[in-house]
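Thank you all for coming this morning.

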Amino acid sequence: MKDIDKMTIDEYYLRMESQQFAELDKEHFEYVNALATRAYKATNKAGDKYLYNNVIDLFDRKEIERKMTNKGEEKKNDRAMLMSMALNKMKEKGD
């Protein structure tokens, strides 16, 4: 708990993002494993073509990462906007 008290906000968000990516890695592994386990069974009705030929058909990691990264940027922009608003209020009051 003492480490958290010593962290800056940016360090905290970086650690949280790192944890999210670690969880994403675990989930990605589960999808890859499931696909490998079931790939030989999943075919079209005629039985001549597999339904899923690539992991991305089931789990689009890059899209999830893009959303995670954009979400982080939105949070940073929100903080910057709040800071800017606070500074403007201070200027208005003459502080």
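This is a predicted model: local features need pLDDT of at least 70, side-chain atom pairs count only at pLDDT 80 or more; totals for chains, interfaces and linings use all residues.

**Burial, core and charged pairs**

Of the 95 residues of this protein, 6% count as buried, where buried means under 20% relative accessible area, exposed means over 50%, and partly exposed is in between, with a 1.4 Å probe and protein chains only. Residues are numbered from 1 along each chain as its sequence is written, and side-chain values use heavy atoms, with hydrogens and water left out.

The protein has three helices and zero strands, these being DSSP runs numbered from the N terminus (H or I of at least four residues for helices, E of at least two for strands).

Let us turn to the inside. Nonpolar side chains in soluble globular proteins tend to be buried together. Here, the largest nonpolar core is made of five residues, namely L24, L35, V55, F59 and M68; such a core is a set of buried Ala, Val, Leu, Ile, Met, Phe, Trp, Tyr and Cys residues joined through side-chain atoms within 4.5 Å. If we leave aside residues up to four places away in sequence, M68 touches Q20, F21 and L24, a contact meaning heavy atoms within 4.5 Å.

Now to the charges: how many salt bridges does a search of the whole structure find? The search finds three, counting a side-chain nitrogen of Lys or Arg within 4 Å of a carboxyl oxygen of Asp or Glu. In one of them, the side chains of R61 and D25 meet at 2.5 Å, N to O, and this pair links distant parts of the chain, since R61 is in helix 3 (residues 61-93) and D25 is in helix 2, 36 residues apart. R61 also forms a salt bridge with E65, with the closest N and O atoms 2.8 Å apart, and because these two are four residues apart in helix 3, about one helical turn separates R61 and E65.
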